[in-house]
Amino acid sequence: MKTEILIQKAWEARDKAYAPYSGFQVGACVATKDGNYISGANVENASYGATSCAERNALFAAYAKGYRKQDIEAIAITAASERICTPCGICRQVFAELLAEDVPVILSNGKETACTNTKELLPDQFDSSFLEEEGLCEA
Ligand code: THU
């Protein structure tokens, strides 16, 4: 996986964003270890809370194709904002569930690129380990 290609695919996905309310278009792309790229863009709703972010849509699409956290190499997120756009709180919680904690989360605004991961984005995360410890679910 080439980082530049992954970022480029996230930009291409951004063109498909449906953002009539905010006008803030975001693209994302998941690179899988077997060489696939799965894209997503933000999709908004007149009932604002029903909006879904680009990175969540890309990650859900990857899971819907059968990929799991061990299959994912990286995710890129792109937005043409002045500052590099970072994932919202809901997406961070989704990353905690669906993305291994050290998988690169690459952020680009077209001028700068940053790289982070779930561990940095959501320290002290609530995850399935709490439920496992209580015997409420299986590992
Ligand atoms: N948004 C994303 O898709 N990803 C982010 O990382 C931040 C925010 C979207 C949600 C909404 O459609 C728009 O940007 C403005 O909040």
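**Ligand shell and nonpolar cores**

Glu44 places a polar side-chain atom 2.5 Å from an oxygen atom of the ligand, a polar contact (a pair of N or O atoms within 3.5 Å). The protein covers 80% of the 380 Å² of accessible area that the ligand has on its own (Shrake-Rupley method, 1.4 Å probe). The model is predicted: local features need pLDDT of at least 70, side-chain atom pairs count only at pLDDT 80 or more, and totals for chains, interfaces and linings use all residues. Side-chain values use heavy atoms, without hydrogens and water, and residues are numbered from 1 along each chain as its sequence is written.

**Ligand site**

- Residues around the ligand (a heavy atom within 4 Å) include Ser22, Phe24, Val26, Thr51, Cys53 and Pro87.
- The shell divides into six nonpolar, four polar and two charged residues.
- A polar side-chain atom of Glu55 lies 2.6 Å from an oxygen atom of the ligand.
- For Asn42, the corresponding distance to a ligand oxygen atom is 2.9 Å.

**Nonpolar cores**

- The largest nonpolar core has 24 residues; a core joins buried residues (under 20% relative accessible area) through side-chain atoms within 4.5 Å.
- Val30, Leu59, Ile72, Ile77, Phe95, Leu99 and Val105 have the most contacts inside this core.
- β1 (26-32), α2 (54-64), β3 (72-79), α3 (89-98) and β4 (105-108) each supply at least two of its residues.
- The largest share, five residues, comes from α2.
- A second, separate core of nine residues includes Ala10, Trp11, Cys29 and Ala74.

Conventions. Polar contact = N/O pair within 3.5 Å; in protein donor to acceptor, adjacent residues only side chain to side chain. Nonpolar A, V, L, I, M, F, W, Y, C, P; charged D, E, K, R; others polar. Buried < 20%, exposed > 50% of the residue type's maximum accessible area, 1.4 Å probe, protein only. Helix = DSSP H or I, 4+ residues; strand = E, 2+ residues; numbered from the N terminus.
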